[in-house]
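Here is a short briefing on one protein model. Keep the sequence and the 3D view open while you read.

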Amino acid sequence: MSLNTDLSGITNRINLFGKIETPPTFSHDVFGEGFYGFDLSVPRLSDASDLLPITISGRIMEGSRFAVGQHLGITGQIRSYNNYIAEEGRNRLVLTVFAKDYKFCDDFGTANPNDVLLDGFICKPPVYRTTPFGREITDLLLAVNRSYNKSDYIPCITWGRNARYASKLLVGDNVKLWGRMQSRIYQKKMEDDAVMEKTAFEVSVSRMEVVDKGASDEN
């Protein structure tokens, strides 16, 4: 599988390889351009997989048949939007993978099946915590700029040494990070004590660095 790997000037890029799990269904229309959504099952290094939501333009799908069970490589961006949840009475941040290019392929070779690069700004104070087993975690919310004065707000999770490093970051710090997008099922207790199963999406960070803008300006 060969997709775009040029990283020059990239602030938001994701490459995925996986299997189509749901048929594309119409999602919305923007200025006459129709967009469709489907779920892609992306393997982890373990036996588990992440089930990730894909959004794709009908224009780039034209002439291709997307069917459940097909293997697909995608390059695109992680996008966010607010969705009003009536039963909760509030907006909820929703993530999707916005596909810009794709390729049908049965074998992705040595390529990483789930590869994310983000360059953005810390927009909420980091939240440091430890699990019952003593594992260190820091949650981040990264604002990544895109065209037309818009930004995507992407939850990220760091572990161990990265978590200790991330816990000291400040709102406004420019951070570049690498990792993978993951799905995580959790249970939420509702007001009537009912328990609802939900899925969260986030970027699991494997490497990160603070961007030194001063050094960049000198070059």
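Strands here are DSSP runs of at least two residues, numbered from the N terminus. By that count, Leu52 falls in strand E4 (residues 49-57). The model is predicted. The protein chain has an average pLDDT of 88, and 89% of the residues score at least 70.

- Where pLDDT is low, the predicted coordinates should not be read in detail.

- Is Leu52 buried or exposed? Leu52 has a relative accessible area of 0%, and buried means under 20%, so Leu52 is buried.
- Leaving out residues up to four places away in sequence, Leu52 touches residues including Leu16, Phe38, Leu40, Asn114, Met181 and Phe201.
- Val42 is also among the residues that Leu52 touches. The C-alpha atoms of Leu52 and Val42 are separated by 7.3 Å, and the two residues are 10 apart along the chain.

**The nonpolar core**

- The largest nonpolar core has 34 residues.
- Which residues have the most contacts inside this core? They are Phe38, Leu40, Ile74, Leu118, Cys156, Leu177 and Val203.
- E6 supplies the largest share of this core, with four residues.
- Cys156 is in contact with Leu118, Leu177 and Val203, among others, once its neighbours within four places in sequence are set aside. Thr138, Asp139, Leu140, Leu142 and Val205 are also in contact with Cys156.

**Strand E7 and its partners**

- Strand E7 (residues 114-122) has seven of its nine residues buried, so the rest of the structure largely encloses it.
- Strand E1 (residues 12-20) is joined to E7 by five bridges, and the two run antiparallel. Leu16 has Asn114 as its bridge partner in E7.
- Leu16 and Asn114 are both touched by Leu52.
- E7 pairs with E11 over six bridges in the antiparallel sense. Val116 has Gly179 as its bridge partner in E11.
- E7 also pairs with strand E9 (residues 136-146), over two bridges and in the antiparallel sense. Here Phe121 stands opposite Ala143 in E9.

**Strand E12 and its partners**

- How many bridges join strand E11 (residues 174-189) to E12? There are 15, and the strands run antiparallel.
- Lys189 stands opposite Val195 in E12.
- Strand E10 (residues 150-159) and strand E12 (residues 195-210) run parallel and are joined by two bridges. Ile157 stands opposite Ser204 in E12.

**Aromatic pairs**

- The structure holds six aromatic pairs.
- Phe35 and Phe98 have ring centres 6.0 Å apart and planes at 40°, so their pair is tilted.
- This pair links distant parts of the chain, 63 residues apart: Phe35 is in strand E3 (residues 33-43) and Phe98 in strand E6 (residues 90-104). Both Phe35 and Phe98 are buried.
- What is the arrangement of the rings of Phe66 and Phe104? Their planes lie at 65° and their centres 5.1 Å apart. Planes over 60 degrees apart count as edge-to-face, so the pair is edge-to-face.
- Phe66 lies in the loop between helix H1 (58-61) and strand E5 (71-85), while Phe104 is in strand E6, so the pair ties together parts 38 residues apart in sequence.
- Phe66 is buried, with a relative accessible area of 11%. Phe104 is partly exposed, at 32%.
- Ring pairs join Phe38, Phe66, Tyr102 and Phe104 into a cluster. Phe38 is also one of the residues with the most contacts inside the largest nonpolar core.

**Arginines over rings**

- Arg79 lies over the face of Phe98, 4.3 Å from the ring centre. Phe98 is also the ring that pairs with Phe35.
- Arg207 has its charged end over the ring of Trp178, 3.8 Å from its centre.

Conventions. Residues numbered from 1 in each chain as written. Predicted model: local features only at pLDDT ≥ 70, side-chain atom pairs only at ≥ 80, totals over all residues. Heavy atoms only, no water. Phe/Tyr/Trp six-rings, centres within 6.5 Å; stacked < 30°, edge-to-face > 60°. Buried < 20%, exposed > 50% of the residue type's maximum accessible area, 1.4 Å probe, protein only. Lys NZ or Arg CZ within 6 Å of the ring centre and 35° of its normal. Pairing = 2+ DSSP bridges. Contact = heavy atoms within 4.5 Å. Core = buried A, V, L, I, M, F, W, Y, C linked by side-chain atoms within 4.5 Å. pLDDT = per-residue confidence, 0-100.
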